[in-house]
Amino acid sequence: TWTPECFVETTVAELKEKIGNDKVVLGLSGGVDSTVAAVLISKAIGKNLYCIFVNNGLLRKNEFESVLDQYKDMGLNVKGVDASARFLKELKGESDPEGKRKIIGRVFIEVFDDEAHEIQDVSWLAQGTIYPDVIESVSATGGPSATIKSHHNVGGLPDFMKLKIVEPLNKIFKDEVRRVGKSMGIDPELLGRHPFPGPGLGIRILGDITADKVRMLQEVDHIFIQGLKEDGLYNDVWQAGAMLLPVNSVGVMGDERTYEKAVVLRAVESTDGMTADWVNLPYEFLQKTSNKIINNVKGVNRVVYDISSKPPATIEWE
Ligand code: XMP
């Protein structure tokens, strides 16, 4: 029978054998797969694993700093690269969903390639690809591996894509990845994180992206996700998040008329992201969360809850 302990033991031995004294580069996303892959490879080759964690400016509130600290505490050899300003500049004025995805994917590759060049004599690229990614060939859960794949056939490969590939999780499923992570002592909170798309909040801000919209959505998302955790609902939900609509609506605050943004809260149940049902969150929770958002997030005066399932809707709005 398959056990996580056996998997770790044999995989670490195989990795040692395969990689020897070579250097490996890996893109961390903050997600489960890339984290488990990194810890596993680092068990085999230690500091010869160079991890790169790129801040595209579209992560959740405080995520870059807190996850980077967590990675350092785990003993990973990781470099955090804050490229927020560059992403924001390149995204300026783009409002088409696929256009935004392309820009975010391209800039990620450029930033990652620059960083990979800083490492002398690197010969391997490690990825957190899991078995379902291999069969579907497109990751549903995001992270650098997904971004890289969808750009595979763009002419003139960046140098890091010419490296030899090592994918220690490519024969196992998500639940096994979590068990492997647990058996290596990775924080259960990190292992239980909801999936988050590679393009991040960039595809949850409908229309064009500005620094102010990112700030607004980060606040809204933070209140929602913290609330789910505080009320013990987070683990009952497969994925949750908020969207910022390109719509102003009339509201009233004191005796002032307001004309501000509307946001959408979305929480779904799913097993693989291919189909999904909206979650019947308690009314009291929705009521409390809506009040908190409107009272605390400047620029937002209306909150709605998405009650669409997939299909025919999708999980993300873009
Ligand atoms: P949809 O919106 O297609 O989402 O129902 C299904 C799952 O995929 C995630 N998603 C993405 N992940 N890059 C990613 O890495 C993307 O461009 C992307 N679009 C959607 C989504 O968050 C959900 O988990």
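Q: Before the helix pair, how are helices and their axes defined here?
A: Axes are lines fitted to C-alpha atoms, for helices over the stretch in contact, and angles run from 0 to 180 degrees between N-to-C directions. Helices are DSSP runs (H or I, at least four residues), numbered from the N terminus. This is a predicted model, where local features need pLDDT of at least 70, side-chain atom pairs count only at pLDDT 80 or more, and totals for chains, interfaces and linings use all residues. Residues are numbered from 1 along each chain as its sequence is written.

Q: At what angle do α10 and α11 pack?
A: Helix α10 (residues 211-230) and helix α11 (residues 283-296) pack at about 150°, and their axes are 10 Å apart. The two are therefore roughly antiparallel, a label for angles over 145 degrees.

Q: Which residues of α10 and α11 meet?
A: From α10, Glu219, Val220, Ile223, Phe224 and Gly227 meet Phe285, Lys288, Thr289, Lys292, Ile293 and Asn296 of α11. Being in contact requires C-beta atoms, placed from the backbone, within 7 Å.

Q: Now Val134: where does it lie?
A: Val134 is in helix α6, residues 131-136.

Q: Why is Val134 called partly exposed?
A: Because 13 other C-beta atoms lie within 10 Å of Val134; a residue is buried at 20 or more, exposed at 12 or fewer, and partly exposed in between.

Q: What does Val134 touch?
A: Not counting residues up to four places away in sequence, Val134 touches Thr129 and Asn170. Val134 and Asn170 are 36 residues apart in sequence, with 6.8 Å from C-alpha to C-alpha.

Note on methods:
Two residues are in contact if their C-beta atoms, placed from the backbone, lie within 7 Å. Angles under 35 degrees count as roughly parallel, over 145 as roughly antiparallel, 65 to 115 as roughly perpendicular and the rest as oblique.
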